[in-house]
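Let's take a walk through a protein model together. Have the sequence and the 3D view open while you read.

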Amino acid sequence: MDQAIEIKKLRKEYRGFALDNVTFDVPQGFIMGLIGPNGAGKTTIIKLVMNLIRRDGGEVRVFGLDNLRCEPEVKSRVGFVYDIPRFPEDLRLRTIASAISAFYDKWNDNRFRDLLDDFRLAPSQVFKKLSHGMKMKFSLAVALAHDADLILMDEPTAGLDPVFRFELLTKLRALIQDERKTVLFSSHITSDLERVADFITFIHKGRIIFSAAKDEILETWGVVRTAADGLRPQDVPGARGSRRTEHSLEVLTSDLAAAKGRLGDRTVCDKASLEDIMFFISKGNAHA
Amino acid sequence: MRIIISNSSPDPIYEQVARQVKAQIISGELREGEALPSIRRLAQDLQISVITTKRAYEELEKEGFIDTVEGKGSFVAMQNKELLREKKMKLVEEKMAEAVDEARLLGITRAELDEMLALLYGEKS
């Protein structure tokens with residue numbers, strides 16, 4: 001499998017936060033979701049890929065090219081969508097587009113107009129009059145109009161209603177009909193990723209917890225539930241986190257089959273959702 | 001091709017896809033040599049991951065139900081003997097299930113049924 005992005009031992013330190021030797025690949029032709037609670041390091045990773053902030057160590061390759069040494073070429077092939085789209089507020093969409101188009105060899109004006117049509121935006125609209133969802137769509141239209149091979153988005157669905165989100169996700173699915181195209185987007189709305197992502201990378205406190213195919217994660221991780229007495233979290237094979245209430249104990253496991261085999265007769269063993277995984281690892285008592 | 005995915009089913013999605021395609025091949029709804037939608041197209045239609053669809057197709061290929069030709073796509077395989085046998089077995093199973101249901105209604109015991117089967121099987125062979 002060719003990789004759209006290869007990240008090796010990436011480091012970045014802030015006061016009270018460190019991205020700690022982050023290593024993972026984004027395979028070309030797929031959608032990868034970057035999940036994790038707020039402050040986990042999702043935005044930092046995306047900004048480092050785009051070279052918007054200075055890294056303290058490690059290496060990033062985009063389509064095999066070093067993202068610092070080949071920055072112009074990398075950027076011409078990437079469509080970047082910010083969490084809060086930033087464009088000149090008082091300009092019309094067509095004016096913004098014609099200014100941006102000068103920066104890209106592959107800008108396709110017909111395609112851009114089709115996309116605006118699709119998103120029910122008019123070229124004559126003024127940017128600041130758009131709702132947040134419409135700004136997001138405009139931003140995506142710009143990214144798609146220059147035929148980017150990699151779409152990078154930071155929390156694109158945050159603050160959007162379900163209909164907008166669905167529309168956006170459908171667009172991403174349509175995009176990867178072309179197997180040279182790749183999408184990496186961060187989100188804390190795990191249901192969006194469960195619907196659309198091929199791969200999931202989970203980051204917590206600046207470290208990668210896992211980076212794997214979504215199906216594989218959803219088939220192997222589980223939650224074991226039992227009445228409070230008689231079972232300790234460490235008795236559950238593959239325990240990764242737990243939560244105890246007055247009446248019950250819930251344990252997150254990364255090995256549902258083994259847990260079922262050993263404890264299936266006296267506990268309830270369910271598959272874990274991405275939300276379960278995120279919750280137990282970030283909020284419950286995490287186990288190594 | 002008609003495929004319906006249940007999100008509440010305990011079966012993995014790739015298995016649901018593979019099972020339904022298989023059923024349609026066995027029933028003859030999908031014919032020998034017929035082209036299946038591309039992996040990416042089907043994934044988009046069903047709103048599921050490309051990897052899920054790929055895995056379903058791989059499963060079908062492994063079991064000999066479909067052939068994949070690089071650059072051309074996937075097709076319903078020329079039906080081999082095992083496949084036909086499986087098809088026929090299913091038919092026999094259905095008829096036997098019918099007979100069992102009828103027997104239960106009439107209060108015929110398992111032993112009596114076994115005897116009947118032994119007799120019939122012995123006579124015909």
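## Ground rules

This is a predicted model, in which local features need pLDDT of at least 70, side-chain atom pairs count only at pLDDT 80 or more, and totals for chains, interfaces and linings use all residues. Residues are numbered from 1 along each chain as its sequence is written, while chains are lettered from A and ligands numbered from 1 in the order in which they are written.

Helices (H or I, at least four residues) and strands (E, at least two) are DSSP runs, numbered from the N terminus. A residue is called buried if 20 or more other C-beta atoms lie within 10 Å of its own, exposed if 12 or fewer, and partly exposed in between, with C-beta atoms placed from the backbone.

| Item | Chain A | Chain B |
|---|---|---|
| Secondary structure | 10 helices and 15 strands | 5 helices and 2 strands |
| Span of the C-alpha trace along its principal axes | about 70 × 40 × 35 Å | about 55 × 35 × 20 Å |
| Buried residues | 40% of 288 residues | 20% of 125 residues |

Now for the radius of gyration, which is taken over C-alpha atoms; the globule rule is 2.2 Å times the number of residues to the power 0.38. For the 288 residues of chain A, a compact globule would come out near 19 Å, and the chain has 21 Å, which agrees. Chain B is another story: a compact globule of 125 residues would be near 14 Å, but chain B has 19 Å.

## Inside chain A

Two residues are in contact if their C-beta atoms, placed from the backbone, lie within 7 Å. In chain A, take the contacts with a separation of 6 or more: 68% of them come from residues 24 or more positions apart.

What sits in the middle? A nonpolar core is a set of buried Ala, Val, Leu, Ile, Met, Phe, Trp, Tyr and Cys residues joined through C-beta atoms within 7 Å. The largest one has 96 residues, and V62(A), A141(A) and I277(A) touch the most other members. Helix α5 (residues 132-145) of chain A gives the most to this core, with 8 residues. Click on I277(A) and you can find F202(A), W221(A), L252(A) and A272(A) touching it, leaving out residues up to four places away in sequence.

Domain bounds come from an automatic or database domain assignment. Chain A is split into domain 1 (3-216) and domain 2 (221-286), and 34 Å separate their centres, taken over C-alpha atoms. Here 9 residues of domain 1 of chain A are in contact with 7 residues of domain 2 of chain A. On the domain 1 side, α7 (190-196) and β9 (199-204) of chain A are the elements that give two or more residues.

## Inside chain B

Starting at the N terminus, the elements of chain B go α-α-α-β-β-α-α. Its domain assignment gives domain 1 (13-76) and domain 2 (81-124), with C-alpha centres 32 Å apart. Among contacts in chain B between residues at least 6 apart in sequence, 50% join residues at least 24 apart.

How confident is the predictor here? pLDDT is its confidence in each residue, from 0 to 100. Chain B has a mean pLDDT of 88, and 96% of its residues reach 70 or more. Confidence in chain B is lowest in helix α4 (residues 81-106), at a mean of 84, and highest in helix α3 (residues 50-62), at 93.

## Where the chains touch

The contact takes 13 residues from chain A and 10 residues from chain B. On the chain A side, α6 (162-175) and α8 (214-220) each supply at least two residues, and the largest share, 3 residues, comes from α8(A). Sorted by class, that side has 5 nonpolar, 1 polar and 7 charged residues. Ala, Val, Leu, Ile, Met, Phe, Trp, Tyr, Cys and Pro count as nonpolar, Asp, Glu, Lys and Arg as charged, and the others, Gly among them, as polar.

F63(A) has a positive phi of about 50° although it is not a glycine. You'll find F63(A) in the loop between β4 (57-62) and β5 (65-66) of chain A. Is F63(A) buried or exposed? F63(A) counts as buried because it has 20 C-beta neighbours inside 10 Å.

R120(A) also isn't a glycine, yet has a positive phi of about 55°. R120(A) sits in the loop between α4 (109-118) and α5 of chain A. With 9 C-beta neighbours inside 10 Å, R120(A) counts as exposed.

How values were computed. pLDDT = per-residue confidence, 0-100.
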